Structure formats: C-alpha cells, structure tokens
Amino acid sequence: MSFSVSVIFSTYNSPAWLEKVLWGFENQTYQNFEVVVADDGSTGETKELLERFNLNSALDVQHVWQEDDGFRKCEILNKAILEAKGDYLIFTDGDCIPRNDFVQTHVENAEPNRFLSGGYFKLPMSTSLAIKHDDVASGRAFDVGWLKGNGLPGGAKTIKLTSKGMLQKLLNALPIKNTWNGNNSSGWKKDILAVNGFDERMGYGGLDVEMGRRLVNSGIKAKRIRYSTVCIHLDHSRGYVDEEKIRINNIIKKEVVNGRKTYTEFGIYKNANHGNE
C-alpha cells in the first residue's frame, strides 16, 4: 500500500523547543514525508527560525500561521489539515521530540478504517534544557541512562522507552481505552475530513480525544501503539489552562458520546450540509 505522509504539530512562541522537535524529524529513518507546523500566532522569531532551518535542511517544512487571538489550537490544526498534502496524517506536538523510528512505525502500522493511538514520555525542565542537537541525532536523548544522568528521576514509566519485541506487543495489547492523543496519533486524511476535523469551540483539555471519539462513532477503530512510537515531551508552563473552557469541553464530549455524533458543525467546514449528526 503506497500513500503520502504529512506530520502536523502545533506551536506557539516556543522556538527553542520547536527547533529540538525539528531535529527529531530531520533524523527519521523514514524520510518521505512533509512537516506542517501549525502556528497559533507566534511572533516573527518562530518564522525566522523556520526560514533558517529550511535553508540548511532537506526536511520539507511548511509553516501555517494565524493571528494571535488566544488559544485557538483547533482552528490552526484544521487549517494545517487542509494545507497538508499527505493521504496519511501523523499528529504530534511542538514540544515532543520523536525518536528516529517514529514516522516509520506510524507508517508501518497504518491500516484502512483505523487510527493509531500513541503517547509520550514526559521530561523535567532540567532534562529538557540539557538536550542538544547531537543528543537527538545520535539517539542519546532517548536513552534512559543518559536521561537519568541529566536530571530524569527513575521510575516504572521508563519502560515506555525501553520495551522491545514481545514485551512491547504485550504492553500495546493491554485492555486500556485507546484514545486519539494529539501528541502521538495518526489517521487517514479522508477519515479526519469526514468527521470535519477538530471542534473549534474547544479550548485546552480533551480537544483531541473529542475528535477521536467522532472517528470511533463513524466506524474508525483505534489501534494502540503507545509502546512502539516513542516521543519525549519537553517541559513547559501551561498558562492557557482555563477551567471554564474545560467545563465547556466536557459538555461537548458528553454530547458526542451520548449522541454518538460523527460530525461537528464547528470544524473545518462551517456549512452543515457537509456532514450529519
């Protein structure tokens, strides 16, 4: 099965973290993909970084920008979806550095009528700051020993970075609810368009899970790859958290679950004739 691939992730005024993420995609074992940076209103510093990066990299990076008007991640992701050239879309975040087999694992696990559900491994700030270009390019940044030497506390969750073979398969097969996780999920562009992308009424808190639920309601099943696709999450503050928005998000999610909705009228297409409830 041959198909084209786009990687989409959002960013907002975090050029240092964005650059580290781009290093990760620059060093992928699977090379035939484009990157679409969905920029929710960053200043010129981000644009300048991307222009410099494109001059010195073989990576195909597109920059989709919208004016800063508060947290509008759903809107910029929807714009990026329309701009993406790929048949298959891999979603992550602008603060998640992918291991070198990240794209290849998504591509190899892609199936019709499925979306892939992954996760991330969270780093403390000291470790996030310590990561340099060569640490990503060499793979050291994903080695538990190197991470512990640079501020990572120990813990059982490091199994996300070390599982292989049969253990990896067993962990992926655990009977845990599989959701669309914006930091590490993928699906067919036609399926995402059919549910009308992300609901633009939603702020931070479950916006990705809600879209995934509409995919499930439309017959697209989730496949778990949490222990196969590794990305490390760089630390940052969350000044955009809004409890009122989270309350509204929860109401929208309940409506989708209880009503088995497959489409939002507040997504990519604003014409209700594109879809149904």
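In helix 11, the buried residues are Leu 207, Asp 208, Glu 210, Met 211, Gly 212, Arg 214, Leu 215 and Asn 217. Here buried means under 20% relative accessible area, exposed means over 50%, and partly exposed lies in between, with a 1.4 Å probe and protein chains only. Helices (H or I, at least four residues) and strands (E, at least two) are DSSP runs numbered from the N terminus. The model is predicted: local features need pLDDT of at least 70 and side-chain atom pairs count only at pLDDT 80 or more, while totals for chains, interfaces and linings use all residues. Residues are numbered from 1 along each chain as its sequence is written, and side-chain values use heavy atoms, with hydrogens and water left out.

Because eight of its eleven residues are buried, helix 11 is largely enclosed by the rest of the structure. Its buried residues pack against helix 3 (73–83), strand 6 (114–117), helix 10 and helix 12, where contact means heavy atoms within 4.5 Å. Just after helix 11, Gly 219 adopts a positive phi of about 100°.

Helix 11, strand 9 (221–224) and helix 12 each supply at least two lining residues, and helix 11 gives the most, with five. By class, the lining has seven nonpolar, three polar and five charged residues; Ala, Val, Leu, Ile, Met, Phe, Trp, Tyr, Cys and Pro count as nonpolar, Asp, Glu, Lys and Arg as charged, and the others, Gly among them, as polar.

The whole structure contains 13 salt bridges, each defined as a side-chain nitrogen of Lys or Arg within 4 Å of a carboxyl oxygen of Asp or Glu. In one of them, Asp 101 pairs with Arg 99, with the closest N and O atoms 2.9 Å apart; Arg 99 is buried at 18% relative accessibility. Asp 135 forms a salt bridge with Arg 140, again with a closest N and O separation of 2.9 Å. Asp 135 is buried at 8%, whereas Arg 140 is partly exposed at 33%. A further salt bridge joins Glu 200 and Lys 270, whose closest N and O atoms are 3.4 Å apart. Glu 200 lies in the loop between helix 10 (189–194) and helix 11 (207–217) and Lys 270 in the segment after helix 12 (243–259), so this pair ties together parts that are 70 residues apart in sequence. Glu 200 is partly exposed at 23%, and Lys 270 is exposed at 52%. Salt bridges with shared partners link Glu 111, Arg 114 and Lys 223 into one network.

Overall, the protein has twelve helices and ten strands, and buried residues make up 51% of its 277 residues. The C-alpha trace spans about 55 × 45 × 40 Å along its principal axes. Among contacts between residues at least 6 apart in sequence, 82% join residues at least 24 apart.
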